[in-house]
Amino acid sequence: MPKRILQGTVVSTAMDKSITVLVRRKVLHPLYKKFVTQTKKFIAHDEDNTAKLGENVLIRECRPISKRKSWQLIAEGERNKSTNTTGDSA
């Protein structure tokens, strides 16, 4: 069975060897025929704790590692400059 690969943005690195990835996708609304953005958070395994907040990453489906974690980090991308992680408005 092929494994799914998703692209998203890291929104949390607070856990050890785990990251939270926000995946956005656009779907066509069945009634209004407009594109609507849907988001979902996935918990992914990051063995070396290398992912940083705001980075675009690729995650792959894998065997269940824990109750909520069945994805693993496969590639890190560049940091998303539009994500403000410090809380300042500058």
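Helices (H or I, at least four residues) and strands (E, at least two) are DSSP runs, numbered from the N terminus. With that in hand, the loop between S3 and S4 can be picked out, and Asn49 is found there. The model is a predicted one, where local features need pLDDT of at least 70 and side-chain atom pairs count only at pLDDT 80 or more, while totals for chains, interfaces and linings use all residues. Residues are numbered from 1 along each chain as its sequence is written, and side-chain values use heavy atoms, with hydrogens and water left out.

Back to Asn49, then. Its phi is near 55°, a positive value in a residue other than glycine. Asn49 counts as partly exposed, at 37% relative accessibility; here buried means under 20% relative accessible area, exposed means over 50%, and partly exposed is in between (1.4 Å probe, protein chains only). Lys33 is also not a glycine, and has a positive phi of about 55°. Lys33 sits in the loop between S2 and S3 and, at 55% relative accessibility, counts as exposed.

Next come the strands and how they line up. Two strands pair if DSSP finds at least two bridges between them. S4 and S5 pair in the antiparallel sense, over 6 bridges. Leu58, for example, has Ala75 in S5 as its bridge partner. S3 and S5 run parallel and are joined by 3 bridges, and Ile43 stands opposite Lys69 in S5.

What about the inside? In soluble globular proteins, nonpolar side chains tend to be buried together. A nonpolar core is taken as a set of buried Ala, Val, Leu, Ile, Met, Phe, Trp, Tyr and Cys residues joined through side-chain atoms within 4.5 Å. The largest such core has 11 residues in all: Val10, Ile19, Val21, Val23, Phe42, Ala44, Ala51, Val57, Ile59, Trp71 and Leu73. At least two residues of this core come from each of strand S2 (18–28), strand S3 (35–45), S4 and strand S5 (69–79). S2 gives the most, with 3 residues.

Val21 is one of the core residues, and its contacts can be listed (contact means heavy atoms within 4.5 Å). Leaving aside neighbours within four places in sequence, Val21 is in contact with Gly8, Thr9, Lys40, Lys41, Phe42, Ala44, Val57 and Ile59. His45, which lies in strand S3, is buried too, with a relative accessible area of 17%. With neighbours within four places in sequence left aside again, His45 is in contact with Lys17, Ile65, Lys69, Trp71, Gln72 and Leu73.

Thr37 also has its place in strand S3, but at 46% relative accessibility it counts as partly exposed. Thr37 touches Arg24, Arg25 and Lys26, not counting residues up to four places away in sequence. Take Arg25: it and Thr37 are 12 residues apart in sequence and 5.7 Å apart in space, C-alpha to C-alpha.

Ile5, Leu58 and Ile74 form a nonpolar patch on the surface, with about 230 Å² of accessible area together. Patches are made of residues with over 30% relative accessible area and no salt bridge, with like charges joined within 9 Å and nonpolar side chains (Val, Leu, Ile, Met, Phe, Trp, Tyr) within 5 Å. The areas come from the Shrake-Rupley method with a 1.4 Å probe, and for residues only the protein chains shown count as cover. Leu58 is found in strand S4 (residues 55–61) and is partly exposed, with a relative accessible area of 31%.

Finally, the charged pairs. Side chains of opposite charge can pair when their charged atoms come close. A salt bridge is a side-chain nitrogen of Lys or Arg within 4 Å of a carboxyl oxygen of Asp or Glu, and by this rule the count comes to 2 salt bridges. In one of them, Arg4 pairs with Glu61, the closest N and O atoms being 3.4 Å apart. Arg4 lies in the segment before strand S1 (5–12) and Glu61 in strand S4, so the pair ties together parts that are 57 residues apart in sequence. Arg4 is partly exposed, with a relative accessible area of 46%, and Glu61 is partly exposed at 22%. Glu47 forms a salt bridge with Lys17, with the closest N and O atoms 3.2 Å apart. Because Glu47 lies in the loop between S3 and S4 and Lys17 in the loop between S1 and S2, this pair ties together parts that are 30 residues apart in sequence.
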